[in-house]
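Here's a quick walk through one model, chain by chain contact and strand by strand. Have the viewer open and follow along.

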Amino acid sequence: MANKVRVRICVGTSCFVMGAAQIQSLEFNAPSDIADYIEIIEERCMNLCKEVKTKYNSGPFVWVNDELVEEATYEKVVNKIREEIKKSC
Amino acid sequence: MSDSLFIEIGSAQQQKNGEDCFGDTVYSKKIPEERRIISILSDGLGSGVKANILSSMTTRMAMKFVESNMELMHSSEVMMDALPVCQIRKISYATFSVVDTQLDGKTRVFEMDNPPFIFIRDNKAVNVRYREIYSEKWKERTINISQMTNQEEDRIILMSDGVTQAGLGNRQYPLGWQRQGCLDFILEKIRKNPMISANDLAHAIVQEALNKEVAKKAGDDISCTVLYFRKPRKLLVLTGPPFDEKRDAEFAELVSAYDGKTAICGGTTANIIERELCLKCEIDKTSFDMTIPMCSTMEGIDLVTEGILTLTDVYRMLKEGIDNNKNNGAVRLTKLLLDSDRIDFVVGTKINIAHQDPNLPMELEIRRNIVKKIFRILQDKYLKEISVKYI
């Protein structure tokens, strides 16, 4: 696989307290089947929380390649990553 | 306050092995209106709770007397009279050393029965001449009074006899570490690190005294206070975006114009500075932690952290002590705060709407409140000079 899946995690305050901290752990102990295919990037507040309710559901917000995962959890993000890996295979 | 001289005070204590509380008391107070600092170290007779009561009574009384410029001999007599009498030894007793110093450098030291203070200038120990005064009422008590004018890079070190007698009975130190041994250690420390902070030096002295003890168990209460006269180390802490977006540029200007260290607390705040000053800001993964969001690095800025969670944890650590085994943003910021003498806070008052969600934990305090708590504790407990500006 040429390109790794880019996982951009918002670690702004509100995303962080709502669970981004757990998602961050992907960096160090991701499941073995995806560990080699991802690139984790932490971002400071991406300001998506400003438009909660008008545009987005609530955080934590995680971008997996070009798709936004809202109300992200560790499982949700891992599943999304698996989908992305499958797509590019 | 003064730009010329700042006095950093650091203390360290170790209680006698087996005791729950300190028999010595150290207490320092800043009186900003008089530009004056008073620092006291007292050693109570014996150890444990009884000694603790004797020494804390002594420090509090001495502080009141010195603060109100009472006549010295009279106040010492009042103190002796007021202390409870030890049931075993039939005397009321606690030693004391008092440093009363003004920010223009005028300093007086009063000592009774503690090991003589150490005065260091230009990395050498200087003997200060003293005058002895006697009490009519308590014949065996003498008080030594010394006076000096301090200048930059001077240090005054107070210690209890636990330091000078450390290792007593140990084969290597039959008479204990002695004042000279301690002095040699201090000079060596300062030679290696001429800028060593008062806090670090005090802790190093107490640790070294403990190392001298048989089986590293303190045979007596060990206490040390260091006063370090120097140019103030300045720190600017920016947190929160300005209420009015039009003031962003002015806000960023504060950073580029500041002549000291700078710290930025808050993602949005960092974004503003990044945009206004055209700096590049990157996440620093070495600060990974499960409870505190990671720091970032920005050229020319000493520390960039997340905002409210970090500040809340900084406040907790200022109250309870630093988590030494961690290296997250909050620990770094706490250390930076403690290493600075004058701290200028600039608090942006814009409310982050995303934080007002009732689903979020209660700990997400309003920025102004947490900053207020932090600056109070820095002022009262750590004697820092603080200024706060809301923008």
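## The open sheet in chain B

Chain B has an open sheet of 7 strands, in the order β14-β15-β16-β13-β12-β17-β18, with mixed pairing. Strands here are DSSP E runs of at least two residues, helices are H or I runs of at least four, and both are numbered from the N terminus. Two strands count as paired if DSSP finds at least two bridges between them. At the edges sit β14 (281-284) and β18 (385-390) of chain B, each pairing on one side only. Going from one strand to the next, the twist averages 20 degrees (axes are lines fitted to C-alpha atoms, for helices over the stretch in contact, and angles run from 0 to 180 degrees between N-to-C directions).

This is a predicted model, so to speak of local features pLDDT must be at least 70, side-chain atom pairs count only at pLDDT 80 or more, and totals for chains, interfaces and linings use all residues. Look for B:Ile343, which sits opposite B:Ile386 in β18(B).

## Helix α6 and its two sides

Which residues of helix α6 (residues 248-257) of chain B are buried? They are B:Phe251, B:Ala252 and B:Val255. Down the axis of α6(B), these buried residues fall within an arc of 90 degrees, so they line one face of the helix (the arc is that of the directions from the helix axis to the C-beta atoms). On the other side of α6(B), B:Glu250, B:Ser256 and B:Ala257 are exposed. Buried means 20 or more other C-beta atoms within 10 Å of the residue's own, exposed means 12 or fewer, and partly exposed is in between, with C-beta atoms placed from the backbone.

The buried residues of α6(B) pack against β12 (234-239), β13 (261-265) and α7 of chain B.

## A hairpin and its neighbour

Strand β6 (residues 118-121) of chain B pairs antiparallel with strand β7 (residues 124-125) of chain B over 2 bridges, and B:Ile120 has B:Ala125 as its bridge partner in β7(B). The hairpin has 2 residues between the strands, and B:Asp122 takes a positive phi near 50 degrees there.

β6(B) is also joined by 3 bridges to the antiparallel strand β10 (residues 155-159) of chain B, where B:Ile157 stands opposite B:Ile118.

## Where chain B touches chain A

On the chain B side, 20 residues are in contact with 13 residues of chain A (contact: C-beta atoms, placed from the backbone, within 7 Å). α7 (267-277) and α8 (308-320) of chain B each supply at least two residues of that side, and α7(B) gives the most, with 4 residues.

Definitions and conventions. Residues are numbered from 1 along each chain as its sequence is written. Chains are lettered from A and ligands numbered from 1 in the order in which they are written. Two residues are in contact if their C-beta atoms, placed from the backbone, lie within 7 Å.
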